[in-house]
Amino acid sequence: MPDDKNISKSSADNNAPLGNTSVVRVSAPATVANLVCGFDILGMALNDPQDLMEVRLLAEPVIKIKHADDYDLPVEPERNVAGAALIALQEAYEKKVGFEVLVNKSIKPGSGLGSSAASSAGAVVAANYLLGNIFSKPDLVRFAMNGEKVASGVKHADNLAPCIYGGITLIRSILPLDIIPLSAPPLHVTVVHPQIEVKTSDARQILRKEVQLKSAIMQWGNIAGLVTGLLKNDYELIGRSLEDVIIEPVRSILIPGFDEVKINSKEAGALGGGISGSGPSIFMLSKEEETARKVETIMKNVFQKIGVEFRTYVTFINQTGVKLMPGE
Ligand code: HSE
């Protein structure tokens with residue numbers, strides 16, 4: 001779990017709280033969007049890394065953003081992903097309240113691990129708690145998508161839905177929003193985050209706008225196979241469905257060592273994997289923890305050889321999503 005020592009730095013605000021609880025702390029998990037073949041429609045929450053946030057209810061209808069980390073993210077609410085998400089929630093609440101947010105990020109922006117989604121989702125889940133949980137999970141995803149729009153120019157929910165619901169989610173549709181939580185067998189997840197930044201907006205810009213029918217057929221075969229494999233606990237089917245013939249061939253060019261990590265990890269027994277979200281992180285799924293650890297060694301070897309700084313995680317699927325911190 002991330003260190004939460006800086007969260008308590010938040011100073012008390014002069015604004016009187018409206019409810020019984022005026023402040024709440026939450027943790028918000030990293031997420032792997034796309035799950036290889038499901039561009040913009042599948043996502044999975046990870047147990048590690050997680051962001052920490054403290055959200056305080058204010059009587060006056062303002063949004064204040066503060067950071068307890070070193071990422072130098074914007075503090076103007078309209079330019080900040082948590083701020084944009086809270087503005088949408090605040091409007092739905094007819095602007096009767098405000099919020100002060102202190103963000104302490106462990107999920108590095110531009111990592112492909114759903115950093116912006118964690119901030120947006122954490123903010124709206126915490127704010128909703130302070131208002132007595134009046135909004136539904138789909139409402140929260142809708143509000144938080146305004147944060148994703150700030151981050152990438154596009155409203156997508158494949159990081160937000162797993163971040164808020166936990167587990168693996170299918171976003172069958174954005175308009176109208178239709179989120180389906182999927183069951184899955186136990187899976188170990190190994191992630192390598194090369195310390196290069198790939199902006200989601202850039203990684204979307206380079207994609208081809210049209211898809212060949214034969215590629216589409218392969219892709220929807222894999223998506224259907226992956227969903228079926230997850231629901232039936234069929235590891236073999238999950239493994240052979242983790243293929244992406246549309247997005248990965250374009251985006252993987254931005255990630256040094258990608259092919260080597262993928263090929264060597266599968267040879268070591270991983271079920272499969274690919275780019276996490278828009279990259280540059282790469283994730284691999286394994287049935288056994290021992291395999292997940294071997295995959296970590298493979299990832300370390302590849303990036304040490306290339307000479308790119310990196311960080312690895314050996315983790316598992318987070319089933320709870322954004323969580324209230326103990327003591328609140
Ligand atoms: N589905 C989005 C993309 C996720 O791949 O662009 C971004 O994190």
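Domain bounds here come from an automatic or database domain assignment. Please keep in mind that this is a predicted model, in which local features need pLDDT of at least 70, side-chain atom pairs count only at pLDDT 80 or more, and totals for chains, interfaces and linings use all residues. Residues are numbered from 1 along each chain as its sequence is written, and side-chain values use heavy atoms, with hydrogens and water left out.

Let us start with the overall layout. The protein chain is assigned domain 1 (4–182 + 318–324) and domain 2 (188–316). Taken over C-alpha atoms, the centres of domain 1 and domain 2 are 25 Å apart. Where the two meet, 31 residues of domain 1 are in contact (heavy atoms within 4.5 Å) with 38 residues of domain 2.

Now turn to the ligand. Its shell, meaning residues with a heavy atom within 4 Å of it, draws at least three residues from each of domain 1 and domain 2. Among these residues are Ala33, Phe39, His156, Thr200 and Gly277. By class, the shell has two nonpolar, five polar and four charged residues, where Asp, Glu, Lys and Arg count as charged, Ala, Val, Leu, Ile, Met, Phe, Trp, Tyr, Cys and Pro as nonpolar, and the others, Gly among them, as polar.

An N or O atom in the side chain of Asp40 is 2.5 Å from a nitrogen atom of the ligand. Asp158 places a polar side-chain atom 2.6 Å from a ligand nitrogen. In the side chain of Arg251, an N or O atom lies 2.7 Å from an oxygen atom of the ligand. Taken alone, the ligand exposes 260 Å², and the protein buries 96% of that, by the Shrake-Rupley method with a 1.4 Å probe.

Technical notes: A polar contact is a pair of N or O atoms within 3.5 Å; within protein, one must be able to donate a hydrogen and the other to accept it, and residues adjacent in sequence count only if both atoms are side-chain atoms.
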